[in-house]
Amino acid sequence: MKIAIIGGIGSGKSAAAHIIKEMGYPVYDADEIYKEISTRKEYLDKVNATWPGAVKDNALDRAYLGKIVFSDKKELEKLNAIAHPLVKQEIDILSKDKEVVYFEVPVFVGSILQDYFDRVILVEAEVKFRISRIMKRSGYDKEYAKKIIASQPTDEELEKYADVIVENNKDHIHLRQQLAKVL
């Protein structure tokens, strides 16, 4: 069974994933999977064919590519069309022969992974807590943290996909207790 852990930035997806891993379950991060895939020749060739100059010295020029895909939604969709099938393929490999496996999935809505998982755990937190966590973790100011949150799907939008909702407005002990009940 493949289970996604989703939630907006600062909600506590990573904290939940860490706790689940501590409980003895296999947990993978889709961002880390993507980072590994982005070093593969197959991926680099496709990216460079789509955006000449996006690969330099057999490595992805993230700054160059970022300027293109984050300023034009259609370009981002092209990148996702290249990356997401490879991420999905890697998830299949990592899930093989495992009864239950969890994946922290930052980009869920609108991706091919949206309807892929057997179950979805949504980690939610009030915006004030999310802003505080983003500022502490990333060093962003309050206004920038708000902009990032505003650019993502809301908790209400994510709830449509969730089988289970875990509230993360308190401490790690409370989050651990909720996850123990869910698992």
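Residues are numbered from 1 along each chain as its sequence is written, and side-chain values use heavy atoms, with hydrogens and water left out. Because the model is predicted, local features need pLDDT of at least 70 and side-chain atom pairs count only at pLDDT 80 or more, whereas totals for chains, interfaces and linings use all residues. A salt bridge is taken as a side-chain nitrogen of Lys or Arg within 4 Å of a carboxyl oxygen of Asp or Glu; by this rule there are 11 salt bridges.

**View 1. Salt bridge between Glu 36 and Arg 40.** The N to O distance is 2.7 Å. Glu 36 is partly exposed at 37% relative accessibility, and Arg 40 is partly exposed at 25% (buried means under 20% relative accessible area, exposed over 50%, and partly exposed in between, with a 1.4 Å probe and protein chains only). Glu 36 and Arg 40 also belong to a network of salt bridges with Glu 90.

**View 2. Salt bridge between Glu 126 and Lys 128.** The closest N and O atoms lie 3.8 Å apart. Glu 126 is partly exposed, with 40% relative accessibility, while Lys 128 is exposed, with a relative accessible area of 55%.

**View 3. Salt bridge between Asp 155 and Arg 130.** The two side chains meet at 3.9 Å, N to O. Asp 155 lies in helix α8 (residues 155-159) and Arg 130 in helix α6 (residues 127-138), so the pair ties together parts that are 25 residues apart in sequence. Helices are DSSP runs of H or I with at least four residues, numbered from the N terminus. Both Asp 155 and Arg 130 are buried.

Methods:
Helices (H or I, at least four residues) and strands (E, at least two) are DSSP runs, numbered from the N terminus.
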